[in-house]
Amino acid sequence: MQKILDGFQYILGLGPTIMLPIVIFILAVCLRVKVAKAFRSAITIGMGFVGIFLIFDLLINSVGPAAKAMVERTGIDLPVVDTGWPPLASIAFASSLAPFVILLVIVLNLILLALKWTKTINIDLWNYWHISFAGALVYGATGNFFMGLIAAGLATIFLLKLADWTAPYVHKRFNLPGVSIPTMSTAIFFPIGYVGNKILDSIPGVNKLKADPTSVQKRFGIFGEPMMIGLVLGLVIGVLAGFEFGKVLELGINLGAVMLIMPRMVKILMEGLIPLSDAVRDIMKKRFPDRQDINIGLDVAVTIGNPAIIATGLILTPIAIFLAVILPGNKIIPLGDLSVLTVPMAMVVLACGGNIIRSVIIGIPIIIADLYISSYIAPLVTKVAKSVDFKFPEGASSLINSFLDGGNPLRYWLVMLSEGNIWAIIAIPVIALFLWWVYKLTRKDFDAEGNLKN
């Protein structure tokens with residue numbers, strides 16, 4: 001058993017830029033794509049992800065020090081250390097549940113595809129850690145291995161259905177045909193973003209506010225271009241961080257570069273994905289004439305090239321710190337996860353049609369919920385971390401968590417359900433009715449042929 005676990009951890013430890021091309025190549029060959037074409041497609045996708053992650057790292061490494069400086073300027077020292085998401089991924093894959101969860105996700109996905117209950121093939125094995133971590137938390141809370149697997153299974157089904165639901169929006173608004181996003185850290189926020197957008201539609205004055213990349217560029221000309229928006233936001237964040245003049249300029253240039261280069265990296269990835277996507281459709285057309293709508297489930301990183309997502313995340317960075325300082329009962333100061341606010345905001349931006357102002361407004365209550373959940377669940381996360389001999393950061397307190405992924409509402413709900421929390425149980429029909437209602441609302445966005453309207 002330990003050798004199997006070690007084998008899974010070694011494969012997963014290769015990271016998405018190596019593991020994903022291998023999965024893509026095998027899948028493409030199985031779908032009868034010519035070996036040479038499959039190999040080129042897989043390598044192109046791998047290199048596209050290398051580019052995306054390089055630029056994403058530039059974003060994180062640029063915003064991270066600025067966020068830390070802003071936190072230090074507050075003088076606040078809260079008991080829960082925000083380690084960021086990478087340690088949680090390590091904890092998830094180190095859990096004894098990990099190999100079983102990975103197998104469970106694959107089998108469930110195939111069964112749901114066969115039953116026509118999903119349109120998504122989730123090939124993003126790396127991000128199975130989100131599901132594995134949910135199972136590990138439930139296992140840690142209950143001590144029941146099978147409860148952990150049940151939680152992971154429920155999360156898998158829920159995320160595949162959300163990916164199917166949001167796929168038409170991803171295709172049209174993010175220009176990613178054939179792609180769906182089953183990533184837990186963002187998918188669950190689409191219904192919230194959609195309802196929030198409808199509420200803002202009904203508020204006089206607010207419903208007139210519009211700031212998407214296209215309208216901003218039309219109004220401000222060259223200064224409305226994505227790279228200029230990144231430059232300005234970088235300068236503002238640098239000033240708020242108290243950086244000296246040279247560092248402020250460097251941050252501005254770095255964030256401008258992120259806004260300029262990231263969309264180009266996504267285009268490279270899509271170049272490699274098209275042959276696989278076409279092969280899936282050809283197979284489905286021949287064998288299942290009514291199943292030509294299959295989507296490839298990929299990491300949310302492919303959406304981060306959208307300038308509205310980056311702008312929303314950057315604007316919310318100082319807001320998150322301010323909220324952490326003033327909210328009574330909050331025990332975590334955003335730090336490790338602060339530079340990746342783009343991730344949970346991706347589906348909010350999608351729901352708002354790229355409107356940055358609305359996305360920021362809706363993002364505020366999401367951040368508040370994340371802060372409180374991550375504060376409350378920190379003891380459990382710490383317990384699970386200790387159970388897999390996680391090495392705590394030097395100088396860390398007795399409690400650790402991740403501000404965003406550790407405060408994910410879906411994981412929190414699954415943990416509460418596993419513990420028999422009465423409010424979590426009562427919430428089942430409430431959440432079901434809410435999702436059904438929002439789904440009905442989204443149907444109005446489609447024409448009689450089932451195509452998303454402009």
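Q: What makes strand 3 and strand 4 (residues 295–297) count as paired?
A: In this predicted model, two bridges join strand 3 to strand 4, which run parallel. Pairing takes at least two bridges found by DSSP, so the two strands qualify. Val-179, for one, stands opposite Ile-296 in strand 4. Strands here are DSSP runs of E with at least two residues, helices are runs of H or I with at least four, and both are numbered from the N terminus.

Q: What makes Asn-355 a cap for the N-terminal end of helix 15?
A: One of its side-chain oxygens lies 3.1 Å from the backbone nitrogen of Ile-357. A polar contact is an N or O pair within 3.5 Å, where within protein one atom can donate a hydrogen and the other accept it, and sequence-adjacent residues count only through side-chain atoms on both sides. So 3.1 Å falls inside the cut-off.

Q: Where is the kink in helix 15 (residues 356–387)?
A: It lies at Ile-377, shortly before Pro-379, and is about 50°. The bend is the angle between axes fitted to the seven residues ending at a residue and the seven starting there.

Q: Which residue takes a positive phi just after helix 15?
A: Asp-389, at about 60°.

Residues are numbered from 1 along each chain as its sequence is written, and side-chain values use heavy atoms, without hydrogens or water. Local features need pLDDT of at least 70 and side-chain atom pairs 80 or more, while totals for chains, interfaces and linings use all residues.
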